[in-house]
Amino acid sequence: GNYVTGNHTVNISADNSTLTITVNGDATQIANISQKIETAIAGGNYSTIIVNGGQINSAIVHSITHSNLTTIDLGTTTVKDFNQSTFTWDDVNLQTITLPLTTVDAEGKMTVPEYALNAPLFNRDSQITKVIIPEGYTNIGDNAFYGYGKSQNQNVTFTVTLPSTLKEIGTSAFEGALQMTDVILPEGLDT
């Protein structure tokens, strides 16, 4: 479906097991968009959801998560309120997450927030094996992935892909990441 309010549009399309949500402008300006997305998801058996462009919020992220989801790609959309509560579901099948972009602060920094994936990572049945931080991020905040991999599912290991735009990694950003097998650091990293 295609939903429009003023200069803001959301287009939802499906192709086999993938649901693609394309956003122009600010999706939160469209009345009941979270419910419209949930309805579209209920109409299929989607294992991958991709959100392209525009701006969304944490409530919309919550509306796109469901039990069959194995891959979520938010790498080209901005979640204006990205924080430790953005990903709060108990989805046990999720394997790959591409983090969303977030707003740039007054100093020109885009930072992965503290405890960015806290809830799904501490789920004892977590299957997350890959986290991708998209291009554009300059900083990883303090404790961003603290405890990542402390799930009781000790057979699951994971990798983190860092962007070439990254300049700084905060204190304890990966502390306690017991099952991390690979972190590839980009050239040009300052601290």
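## Basis of the model

Residues are numbered from 1 along each chain as its sequence is written, and side-chain values use heavy atoms, with hydrogens and water left out. Because the model is predicted, local features need pLDDT of at least 70 and side-chain atom pairs count only at pLDDT 80 or more, while totals for chains, interfaces and linings use all residues.

## Overall make-up

The protein holds three helices and 14 strands. Both are DSSP runs numbered from the N terminus: helices are H or I over at least four residues, strands are E over at least two. Of its 191 residues, 44% count as buried. Buried means under 20% relative accessible area, exposed means over 50%, and partly exposed lies in between (1.4 Å probe, protein chains only).

Among contacts between residues at least 6 apart in sequence, 63% join residues at least 24 apart. Contact here means heavy atoms within 4.5 Å.

Nine strands make an open sheet with mixed pairing, in the order 1-2-3-4-6-8-10-12-14. Strand 1 (2-5) and strand 14 (180-184) are at the edges with a single partner strand each, so one side of each has no neighbour in the sheet. From one strand to the next, the twist averages 10 degrees. Two strands pair if DSSP finds at least two bridges between them.

Strand 1 and strand 2 are antiparallel and share four bridges. Valine 4 has threonine 9 of strand 2 as its bridge partner. The two strands form a hairpin with two residues between them, and glycine 6 in the turn has a positive phi of about 60 degrees. Further along, strand 6 (residues 71-73) and strand 8 (residues 96-98) run parallel, joined by three bridges. There, isoleucine 72 is bridged to isoleucine 97 of strand 8.

## A helix across the sheet

Helix 1 (residues 33-42) lies across strand 1, strand 2 (8-15), strand 3 (18-24) and strand 4 (48-52). Helix 1 runs at about 10 degrees to strand 2. For such angles, axes are lines fitted to C-alpha atoms, for helices over the stretch in contact, and angles run from 0 to 180 degrees between N-to-C directions.

A second open sheet has three strands in the order 9-11-13, with parallel pairing. Strand 9 (111-112) and strand 13 (168-169) are its edge strands, each pairing on one side only. Strand 11 (residues 139-140) and strand 13 are parallel and share two bridges. Asparagine 139 has glutamate 168 of strand 13 as its bridge partner.

## Core and aromatic pair

In soluble globular proteins, nonpolar side chains tend to be buried together. The largest nonpolar core in this model has 44 residues. Such a core is a set of buried Ala, Val, Leu, Ile, Met, Phe, Trp, Tyr and Cys residues joined through side-chain atoms within 4.5 Å. Residues with the most contacts inside it include Ile21, Ile64, Val112 and Phe145.

Phenylalanine 145 is buried, at 1% relative accessible area. Leaving out residues up to four places away in sequence, phenylalanine 145 touches Leu99, Val112, Leu117, Val131, Ile133, Ile140, Ala173, Phe174 and Glu175.

The structure has one aromatic pair. The ring centres of phenylalanine 145 and phenylalanine 174 are 5.3 Å apart and the planes meet at 5 degrees, so the pair is stacked. Rings of Phe, Tyr and Trp (its six-membered ring) pair if their centres lie within 6.5 Å; planes under 30 degrees apart count as stacked, over 60 as edge-to-face and the rest as tilted. Phenylalanine 145 sits in the loop between strand 11 and strand 12 (158-161), and phenylalanine 174 in the loop between strand 13 and strand 14, 29 residues apart. Phenylalanine 174 is buried too, at 18%.

## Asparagine 143 and its contacts

Asparagine 143 lies in the loop between strand 11 and strand 12. Asparagine 143 is buried, with a relative accessible area of 15%. Its side chain makes a polar contact of 2.9 Å with that of glutamate 114. A polar contact is a pair of N or O atoms within 3.5 Å; within protein, one must be able to donate a hydrogen and the other to accept it, and residues adjacent in sequence count only if both atoms are side-chain atoms.

Beyond four places in sequence, asparagine 143 contacts Glu114, Tyr115, Thr171, Ser172 and Ala173. Tyrosine 115 is a non-glycine residue with a positive phi, near 55 degrees. Serine 172 is a non-glycine residue with phi also positive, near 55 degrees. Tyrosine 115 is partly exposed at 24%, and serine 172 is partly exposed at 24%.
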